[in-house]
2 protein chains.
Amino acid sequence: MIQNDFYSQENVGPFEIYNLGDFELEDGGIIPDLKLAYTTHGTLNEAKDNVIVVPTWFSGTSKNYESYIGKDRALNPEKYFIIVINQIGNGVSSSPHNSPEPIAMANFPNVRIGDDVRAQHKLITEKFGIEEIALVVGGSMGAQQTYEWAVRYPDMVKRAAPIAGTAKNTVHDFLFTKTLMDAITSDPGWNGGNYSSHFDVADGLKRHADIWAVMGLSTEFYKQEGWKLFGIETVEQFTEGFLQPLFQSLDPNSLLTMAWKWQRGDVSRHTNGNLEEALGRIKAKVFVMPLNEDMFFPVRDCEAEQKLIPNSELKVINSLLGHFGLFGVEPDYFTQVDNYLNELLAINVAEAVAE
Amino acid sequence: MIQNDFYSQENVGPFEIYNLGDFELEDGGIIPDLKLAYTTHGTLNEAKDNVIVVPTWFSGTSKNYESYIGKDRALNPEKYFIIVINQIGNGVSSSPHNSPEPIAMANFPNVRIGDDVRAQHKLITEKFGIEEIALVVGGSMGAQQTYEWAVRYPDMVKRAAPIAGTAKNTVHDFLFTKTLMDAITSDPGWNGGNYSSHFDVADGLKRHADIWAVMGLSTEFYKQEGWKLFGIETVEQFTEGFLQPLFQSLDPNSLLTMAWKWQRGDVSRHTNGNLEEALGRIKAKVFVMPLNEDMFFPVRDCEAEQKLIPNSELKVINSLLGHFGLFGVEPDYFTQVDNYLNELLAINVAEAVAE
């Protein structure tokens, strides 16, 4: 096990840990004593029907959603019981760098989106006795998990809001993710996954960050000097002073575990590859919420899936930041998100389904 | 000097060589005995006013434009004298791998778009005695050179058609190009530019190709299985069987020389950074021709520049292939290009300027 303070309680907590015991994986193998790290906001009501589940995105933790939650917000902890769950492999939940043998580091098994959602289901049913979810909402890989929730547990999920992500990963995204992975694995310091410190992989993580700089933002972000939205003066300070150190603080194997999972996100695994049939299973009211400048989850890819979901609407979020709009540094980003989520949460789902 | 058969007369010729002697570079230093490789199509008329100049794109050679030229085409050799000129560093003209000391390999100097255009100007004035150019047209880095021609020699260039490129490179493009360069230089086999064979850099060139797979095509290309336009059955055959071998056959230092040049393409160097003033110098009738799915020379970036050019029009080319639309594998690509170029060539420029 490797010490990496980025993932500490001090840095990304406070979080709780739920131990699921030995957890069988879809691709074979088990994670012994699978630990899910999660945070809760608000109180579970007596009817246990005020639950919002929020899964995390690539490279992110439950900490990233703090800015989405507040008493004047759609995700209102005075009204809802909000559970933010760190995906497997994200560095906080069970992950290569924090797991003991036999699954430490390079021996960490392949994990799929379906594994996450089954594990999250165990957490909320076993630990909290929850049988109904008012809303599942998440960005990027959080959207992948949101779709998986809605397809796998259609009677349980009443509403779903996948933001900036797809139900079935695209070929283009698979190739993009490959370049992110290759940036890491091409660093001799990565050493087949058995480095002694993430600092050994600093060069690879820097290249990883540089590819994010190209694909994670938008051409318009750079034209309009969008880094100033981060309070940063120059593009060099944005890439070298912000993005590179950000990714260099993360665990390389954790990023690889998530990237492998991201590449293979696909709800049509439930229906022998038939995406229409899989999305047709969804009973939730769904707001599909792409970001208008997203370079790898473009609106039209999200819209194509939205059209296959029976009770759904397309709600485009405008953000200069492209995919990184998810960070919410623009003043009107959360206004849009909250308006859409408030509208969705106000819908009486029984009626909506009958429409 | 390194043997690389990709750049041979057999593979990309037949081409002619013009020796410019010692050539001073904008960034300092000289290329001794600078050799420009070029091809001509058609015959220079007596008035010497039927000239079309075509500069090459990144990783490309004069060979790539053969499919743009023909007797039933806009670039008609029965009517025009078409000179296709290989840019400096492209592996055919003077380049790191084919130059002797003191500029061999890692010692090859930095070259700018302005150097190319000055060298091309010498070629066509000294060798052919040409004083007027009916049209400069080129794709991508060829567009950068086209803009440089129109700004640097405004009285000489009557018409210009930059396809899928910009007059001033964008910040986003600079960062994208950096990832392409880092893919090569991170390969230990590159050895600071002093490899003994381009095969030593096969891994880096493969990663370089994989980044092209993400940015060079379009999300829609992959959704619509556009590789079938190349007569290729699967995406794996497209990336591993086509793109990777394509880039692995090229010279790494050549790609780096071109990438450095591409990053810094900027006609506003003539006007102390004032792009509006630089583009305002253009006297040519200009058709700005972006590709609608281009991920790094997006239409809106090209349009922003077009609006600064006095006598210009925006002519968008539709192509599923994104930037690689330039390869012209779609049946209607050349129809669009030829229609636009025919329209442009038919314009009486004296009249047009007086409009």
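In this predicted model, domain 1 of chain A and domain 2 of chain A bury about 2600 Å² between them, and carbon and sulfur atoms give 73% of that area. On the domain 1 side of chain A, the residues that lose the most area to domain 2 of chain A are A:F58, A:L320 and A:F324, which together make up 26% of what that side buries.

The domain assignment of chain A places residues 5-169 + 266-354 in domain 1 and residues 174-258 in domain 2. The C-alpha centres of these two domains of chain A are 23 Å apart. Their contact draws 27 residues from domain 1 of chain A and 30 residues from domain 2 of chain A.

The side of domain 1 of chain A that touches domain 2 of chain A consists of 16 nonpolar, nine polar and two charged residues.

The next interface is that of the two chains. Here 28 residues of chain A are in contact with 28 residues of chain B. Chain A and chain B bury about 2500 Å² between them, with 65% given by carbon and sulfur atoms.

| Interface | Buried area | Carbon and sulfur share |
|---|---|---|
| Domain 1 of chain A and domain 2 of chain A | about 2600 Å² | 73% |
| Chain A and chain B | about 2500 Å² | 65% |

Across the interface of chain A and chain B the rule finds eight salt bridges. A:E220 forms a salt bridge with B:R300, and the closest N and O atoms of this pair are 3.1 Å apart. Twelve residue pairs are in polar contact across the interface of chain A and chain B, both residues at pLDDT 80 or more.

Several helices of chain A each supply at least two residues of the side that touches chain B: α4 (171-185), α5 (202-215), α6 (219-223), α7 (235-248) and α10 (299-306). α4(A) gives the most to that side, with seven residues. By class, the side of chain A that touches chain B has 13 nonpolar, six polar and nine charged residues.

How are the two chains placed relative to each other? The same surface serves both copies, since 100% of the contact residues of chain A recur in chain B.

Definitions and conventions: Residues numbered from 1 in each chain as written. Chains lettered and ligands numbered in written order. Predicted model: local features only at pLDDT ≥ 70, side-chain atom pairs only at ≥ 80, totals over all residues. Heavy atoms only, no water. Contact = heavy atoms within 4.5 Å. Domains from an automatic or database assignment. Buried area = accessible area lost by both parts, 1.4 Å probe. Nonpolar A, V, L, I, M, F, W, Y, C, P; charged D, E, K, R; others polar. Salt bridge = Lys/Arg side-chain N within 4 Å of Asp/Glu carboxyl O. Polar contact = N/O pair within 3.5 Å; in protein donor to acceptor, adjacent residues only side chain to side chain. Helix = DSSP H or I, 4+ residues; strand = E, 2+ residues; numbered from the N terminus.
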